[in-house]
Amino acid sequence: SPDLSNHINDVARSRTPSKLKDMYKYYHPGIANLAAGFPHPELIPFSSIKGKVVNENAPWVSKSRKFSLINSKKEQDPLSSSLDIANFMEYTNSAGLPDLLRWCSKINTRVHKPAFKDIDVIMTNGASDGLTKAYGILLSQGDTVITDAFTFTNGFKALEQFGCEACPVASDSEGMSPASLEATLRTWEPAVNGKRPHVMYLIPVAQNPTGTTMSLKRKQQIYDIASKFDLIIIEDDPYFFIQFGGPKKTGFFDSLIPSFLNIDTDGRVIRLDTFSKMIGPGSRLGWITARSNFIQYILRATEGSTQFPSGLTQAVVLNLVTNVYGEKGWETWLEHVRDEY
């Protein structure tokens, strides 16, 4: 597979791992930590946090109907997955809670069956945060990004802070037109238009604002052109699980049109997922899936900016998907949400 490191900008290349975060592996209970400003667990003002789901007898509640998070008031390992309040309310791993990362990876494998195997995940403060971070490792001032002729406002707005512009490509009833995309790239004149685009931004399911959904055949056509002209595809897919899929085979997940991850043999897809439509937009939680070296660049950017998503939100969501719904219950819940839409 191609290396694709040519797409990483100079700013991303210049970042180095956080020395402070790297020291976390040495922090264990009983060792005085004077470096990262960890408050003592007894100063965290919650003794417990309890939650209870609606529709307690619904089929998606396959495990417990409620959950309770307890503060042991004891020092914790900052890299552990403990759902002790004394752990997740402290500074933690910038990639996210380890158990939540493992859950996201498991969902990727179960649902998307990625064609490219050297991939990793990192938690984000929602898909818009993920988009900004993806742009942030790829774009340089003056770059142009391929988009649909009409697309999500934030897809355009996020470009402004990088001094970049969009190149709209015509669409039809299935989304971006392969013929228009290829013609745009083939006839691009750097002397007139500047450097040829190397990044594409797409919303392949229930595209905002047109509502179009790409078939697998259309995705393959777009992907082949991206491979031919060496484009990175940012797949922003908040509506993936509420698409109007085909007939169920062995379960709800199998009724969904496969994502770009499923056909990404080169490792050129950066996929953005979010809990906004599955749990609620106020959760401000999502995840990025991409080739491992891209995730490392995004991790470096996170360490120097947002640090990590809310530990409380991560803990609540992790409890919900693992201890309340369980794997089958989560699939059933998503089918219910899709049916309501």
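Colleague: Which domains does the protein have, and where do their bounds lie?
Modeller: The domain assignment gives domain 1, which covers 5-18 + 94-309, and domain 2, which covers 28-87. The model discussed here is a predicted one. The centres of domain 1 and domain 2, taken over C-alpha atoms, are separated by 32 Å.

Colleague: What makes the reach of helix H9 close to the expected one?
Modeller: Helix H9 spans residues 216-228 and has 13 residues. From its first C-alpha to its last, H9 reaches 18 Å, and 18 Å is also what is expected at 1.5 Å a residue.

Colleague: Which residues of H9 are buried?
Modeller: The buried residues of H9 are Arg218, Lys219, Ile222, Tyr223, Ile225 and Ala226. They cover an arc of only 160 degrees around the axis, and therefore they lie on the same side of H9.

Colleague: Which exposed residues does the face of H9 turned away from its buried side carry?
Modeller: That face carries Lys217 and Lys228. The word exposed is applied to a relative accessible area over 50%.

Colleague: What covers the buried residues of H9?
Modeller: The cover includes helix H7 (178-186) and several strands, among them E6 (171-172), E7 (175-176) and E8 (199-202). Strands E9 (232-236) and E10 (269-274) also belong to the cover.

Colleague: Why is Arg268 called buried?
Modeller: Buried means under 20% relative accessible area. Arg268 has a relative accessible area of 2%, so Arg268 is buried. Arg268 lies in the loop between E9 and E10.

Colleague: Why is Asp129 called buried?
Modeller: Asp129 has a relative accessible area of 14%, and the limit for buried is under 20%, so Asp129 is buried. Asp129 lies in helix H5, residues 127-138.

Colleague: What does the side chain of Asp129 reach?
Modeller: The side chain of Asp129 reaches the backbone nitrogen of Asn125 at 2.9 Å. Leaving aside neighbours within four places in sequence, Asp129 is in contact with Thr124 and Thr306.

Key:
Residues numbered from 1 in each chain as written. Predicted model: local features only at pLDDT ≥ 70, side-chain atom pairs only at ≥ 80, totals over all residues. Heavy atoms only, no water. Helix = DSSP H or I, 4+ residues; strand = E, 2+ residues; numbered from the N terminus. Expected span 1.5 Å × (residues − 1). Buried < 20%, exposed > 50% of the residue type's maximum accessible area, 1.4 Å probe, protein only. Arc of directions from axis to C-beta. Contact = heavy atoms within 4.5 Å. Domains from an automatic or database assignment. Polar contact = N/O pair within 3.5 Å; in protein donor to acceptor, adjacent residues only side chain to side chain.
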